[in-house]
Amino acid sequence: MSVQEKFDKAAEDVKKLKAKPTDEELLELYALFKQATIGDCNTSRPGLFDLKGKAKWDAWNGKKGMDQNEAREAYATKVNHLIEIYGTE
């Protein structure tokens, strides 16, 4: 299975988790997904009152420089780890 196929499968499987991951786990998934699909963060940091937006931006920007294939692999690995923890429907 190619890296892209693993990533695509993980993107579908994550929707079937029995329980919601922690905010920290969700931010990690978000950052890896954005890095895998878009690459380095390409937007300005959200304003002072957008706390959720800033957290997401900071998480994604923290992956700056990570290769997209490396991000796809890390995303698939993270999803598989979450499936082990939470199970799927």
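Modeller: A polar contact is a pair of N or O atoms within 3.5 Å; within protein, one must be able to donate a hydrogen and the other to accept it, and residues adjacent in sequence count only if both atoms are side-chain atoms.

Colleague: With which side chain does the side chain of Asp13 make a polar contact?

Modeller: With the side chain of Lys9, at 2.7 Å. This is a predicted model, so local features need pLDDT of at least 70 and side-chain atom pairs pLDDT 80 or more, while totals for chains, interfaces and linings use all residues. Numbering runs from 1 along each chain as its sequence is written, and side-chain values use heavy atoms, leaving out hydrogens and water.

Colleague: Where is the place of Asp13?

Modeller: Helices are DSSP runs (H or I, at least four residues), numbered from the N terminus. Asp13 sits in helix 1, which covers residues 3-13.

Colleague: Is Asp13 buried or exposed?

Modeller: Read the relative accessible area: buried is under 20%, exposed is over 50%, and partly exposed lies in between (1.4 Å probe, protein chains only). Asp13 has 14%, so Asp13 is buried.

Colleague: Which residues is Asp13 in contact with, leaving aside neighbours within four places in sequence?

Modeller: Contact means heavy atoms within 4.5 Å. For Asp13 the partners are Val79, Ile83 and Thr88. Look at Asn80 too: 67 residues separate Asn80 from Asp13 along the chain, yet their C-alpha atoms are 8.5 Å apart.

Colleague: Now Val3. What does Val3 touch, not counting residues up to four places away in sequence?

Modeller: Val3 touches Asn69, Arg72 and Glu73. Take Arg72: 69 residues from Val3 in sequence, 6.6 Å in space, C-alpha to C-alpha. Val3 is also in helix 1. Its relative accessible area is 24%, so Val3 counts as partly exposed.

Colleague: Where is the place of Lys63?

Modeller: In the loop between helix 3 and helix 4, the latter being 68-86. Lys63 has 17% relative accessibility, so it counts as buried. The side chains of Lys63 and Glu28 are joined by a polar contact of 3.0 Å. Beyond four places in sequence, Lys63 touches Glu28, Ala31, Leu32, Gln35 and Asp40.

Colleague: Which residues line the largest pocket?

Modeller: On a 1 Å grid over the protein atoms alone, a pocket is an open set of points where a 1.4 Å probe fits, with protein on both sides within 12 Å along at least five of seven lines; lining residues have an atom within 4 Å of a point. Here the lining is Asp23, Leu26, Leu27, Leu29, Tyr30, Phe33, Lys52, Ala55, Lys56 and Tyr75. Helix 2 (23-37) and helix 3 (51-61) are the elements that each give two or more of these residues. Helix 2 has the largest share, six residues.

Colleague: Take Lys52 from that lining. Is Lys52 buried or exposed?

Modeller: Exposed, because its relative accessible area is 64%. Lys52 belongs to helix 3. Leu27 is another lining residue. Lys52 and Leu27 lie 25 residues apart in sequence and 9.9 Å apart in space, C-alpha to C-alpha.

Colleague: And Gly53, is that buried or exposed?

Modeller: Gly53 is in helix 3 as well. At 15% relative accessibility, Gly53 is buried.

Colleague: Which residues does UniProt list for "domain: ACB"?

Modeller: The unreviewed UniProt entry lists residues 3-88. Positions follow the numbering used here, feature names are shortened, and annotations may be inferred rather than shown by experiment. In the model, residues 3-88 are 65% helix and 0% strand (strands being DSSP E runs of at least two). The end C-alpha atoms of that stretch are 22 Å apart.
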